[in-house]
Amino acid sequence: MLAALTVTAFGAGIHLPSVHGRVEPAQIATTAPFDKPGLAHVGPDRYEVYLTGQIWTFAPSEIRVPAGSTVTFVATSRDVVHGLIVPGANVNTMLLPGQIARVTVRFDRPGEYPMICHEYCGIAHHTMGGKIIVEPRS
Amino acid sequence: MATRIDTHPHPVAAHAEATGLVAWLTTVDHKRIGILYGVTAFVFLLVGGLEALLIRLQLALPHQRIVGAEFYNALFTMHGTTMIFLAVMPLNAMFFNYMIPLMIGARDVAFPRLNAFSYWVYLSGGIFINLSFLVGTPPDGGWFGYANLTTRPFSPGPSIDFWVIGLQVLGVSSVVASVNFAVTIMNMRAPGMTLMRMPLFVWMSLIVQFLVVLAFPIITVGLIFLMMDRFFGTHFFDVAAGADLHLWQHVFWAFGHPEVYILILPAFGIVSEVIPTFARKPLFGAPVMIYSGILIAFLGFGVWSHHMFASGMGPVADAAFSIATMLIAIPTGIKIFNWLATLWGGRIHVTTAFRFAAGILGVFTIGGLSGVMHASPPVDLQQTDSYFVVAHMHYVLIGGTLFGIFAGLYYWWPKMTGRLLDERLGRINFWTMFLGFNVAFFPQHFLGALGMPRRIYTYPADAGWTLWNFVSTAGAFVLGLGVALFLVNAALTMRRGARAAGDPWDGRTLEWRTSSPPPVHDFDQIPPVYSRDTFWREKYGDRHGRKPVPRPPMPEPHGIHLPAPSFWPIVAAVGILAAAVGALTHLALVVAGAAVTVVAIFAFALEHHGNPAHAHQVGELAVDHRKLAMWTFLGSECFFFGTLIATYLAYKGRNVVGPHPHEILNLPLTTLSTFDLLMSSLLMVLALAAAQRGDRTQTRLWLAGTVLFGVIFLGFQAWEFTEFVHEGLTLRTNLFGSTFFTLTGFHGGHVAIGVTWLTTLLILDLRGRLTVADALKVEVAGLYWHFVDIVWIAIFTLVYLIP
């Protein structure tokens, strides 16, 4: 049981989401790094995405990174509880207002990955999504 | 065998029970209440099923517009809420009501009128929630109602109000019923039926009653928080005021996971009855089955956070809840293997009831295995909120619970109606449901793996989800057809079906020892109990064929006393319904409804006061029913106040604005009021001692003293509250205000109820109507009073003494 847990956790490189600080939802627009949602190049092949969820969009809604990049999502919600799942890429976290979630993932295969809000958030919940475009290295 | 039916003190016709509408509205017969539960719950099962079919139609193909997005959200919210609270739990309650007294050799439940009250409150709650459809604002926050989506700023209309109030009404029904059945099972077993001789269904039911009693107060507190946020402007789920939204998720799932076992354990009990009967073998490892049921319930309270792995609790909490969740698979697996071992070498008689029970062994196990997968956080993170979870949960709740209920229906139908269901139609019924169920839900595993999230209104054509969604919808309609076939079977056999003998299946337990349907008094003689499977032993002897020596019938010096019908249960329930409707319309209606309920409760309580037949209700545990019920209820109260106190502590120091506790709490004053309340407990002890020795003057004196000290405490509290409001602290000021007033306010409410109760006893005493025989009533009120005092010690320490 524990062995299975260890293998899946470390062997498969899956990391549990955990809280990395708090942010006042009313002041997100003026609080770094969420005042400028988007992609930041933080090192060789390393990126950080400052992402907010709000009824019913992600900001940013489209992210482009080259294949082989390691991307850290630093994410929170501006209003209600949202979720962020990237099928096929080990990203699955809840976005709670007031709380910053942090997930790191490496994109090796080029292609288009959907970002989906998977926590029910109201009438247009099904439309809340975005995409990550992993571009082949030239 | 002549049966002496004593009509004193209530003239009840023992052989011909009264018929007609009024007789049903006022009935307190556990069998009739069981039928009322069954019929009502089946109607709600059809409503929930219709909602499910609409959901499946909408999802059958991409870009469908069969219903609107808002209505779709209401459909999945109401489907979950209806199936869990209005269909499955009450269908289980049907079996508890009808079967438990028969299986333990009793003539009714411990509190027949409370039993009727539970049913009418359940009906009121069900009607109330569904009224939302008529006014066009059905709840649409999900059955899990995650705050803060369900708070007023994000769900402004009345939709969530219907949900939050309706569930509280249903909670009252569930807790009252569970206290009643816990006492019935513990205290009303026929002589010789020791705990370990109880049938497995009764055992699993007993465990469920404790789960309900302990888990429901947790969600009740959560619903109270949400209701207060919505109606009174508190800040429990207001992030800007410093709230942490984990609170709702913890409170909801700390209830929600035990709820899973509340739904499934009765089905386990039914399977444990059906399989031995039709394998004609005793249940393999019955004591282990009992222990594993207890273990499931115990562990069931320690696994709730596996619903929250994605919420960011951190690796330590994730690991702890993960291990607890994996452990719970062990007792569950034991059950599966014991059922298989029971079948091994049995002379199996394949009936429809047997098919449903055997079906569970296959399909529930699939649901169990996908459940263990979720127990591992890394795996769970691939599946959370995907259709994989939808598949898992329906494998457990349909493949386990609903199939269990159908096994029970086919098994006990002849006992309840006196007619056998058609077995050929039953076979078609089973296979249609089995096929439809698997076609509907197995593909949802694939959909989850393909990344389809839950609770989406529609999906794009290029997502690759179309094929399996279409298959799933087709399966859902076959499953629906299967449920309809049961109705056809019931309708066809109701009038023209073969008459059932008392023991049509060659059963093993006591319910088969009386006629089908049983007489109103259940048993002419309280049956003898020789062992587990006692009726089988009576018929066939032990494994050497030695039959027990027949015992002389139990002497019943007072004859058979049957409870008299009463109007007050339904009146109290109507009052509650009116108050709930009033909460959404007009305050006057709340007041009127509450007044009706209070009057009904008093009338109810005093209806049989002084009736010698009600004076002694001592049962198997040598404790009076009422005392046992109070102890059970106080268990529930512990969880109620525990949740309130835990919330206070969790929110301590998270205020965004003042005033803060240390600036405002008046320690000397509260020390004085605490001393006053503790002294009242002393007076209560004196009052009880006086009542027990029949000293009327002293009883009166000390009861009056207790009431006075209680009133003084309330006076202190009123003064404290007024002071705080003057200093700028209200419910709406900050988190401290919200949690402080809610916690101490509910405690004050309890003190006020205690004062009212003791005052009632005092008035009875003054009018000369409190005799030595009523000392128990003083004792039960005293238990409540002491408990409320002890809670105050906890509150005083944690809120006032520890800064």
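User: How many salt bridges does the rule find across the interface of chain B and chain A?
Analyst: The rule finds zero salt bridges there, a salt bridge being a side-chain nitrogen of Lys or Arg within 4 Å of a carboxyl oxygen of Asp or Glu. Please note that this is a predicted model, in which local features need pLDDT of at least 70 and side-chain atom pairs count only at pLDDT 80 or more, while totals for chains, interfaces and linings use all residues. Residues are numbered from 1 along each chain as its sequence is written, chains are lettered from A and ligands numbered from 1 in the order in which they are written, and side-chain values use heavy atoms, with hydrogens and water left out.

User: And how many residue pairs are in polar contact across that interface?
Analyst: Nine residue pairs, both residues at pLDDT 80 or more, are in polar contact between chain B and chain A. A polar contact is a pair of N or O atoms within 3.5 Å; within protein, one must be able to donate a hydrogen and the other to accept it, and residues adjacent in sequence count only if both atoms are side-chain atoms.

User: What area is buried between the two chains?
Analyst: About 3300 Å² is buried between chain B and chain A, with carbon and sulfur atoms giving 68% of that area. Buried area is the accessible area (1.4 Å probe) that two parts lose on being put together, summed over both.

User: Which residues of chain B lose the most area to chain A?
Analyst: They are Leu149(B), Pro378(B) and Leu381(B), which together make up 15% of what the chain B side buries.

User: How many residues does each chain bring to the contact?
Analyst: Chain B brings 47 residues and chain A 35, where contact means heavy atoms within 4.5 Å.

User: Changing topic: is Asn130(B) buried or exposed?
Analyst: Asn130(B) counts as buried because its relative accessibility is 15%; buried means under 20% relative accessible area, exposed over 50%, and partly exposed in between (1.4 Å probe, protein chains only).

User: What does Asn130(B) touch?
Analyst: Leaving aside residues up to four places away in sequence, Asn130(B) touches Phe44(B), Val47(B), Met78(B) and Leu86(B).
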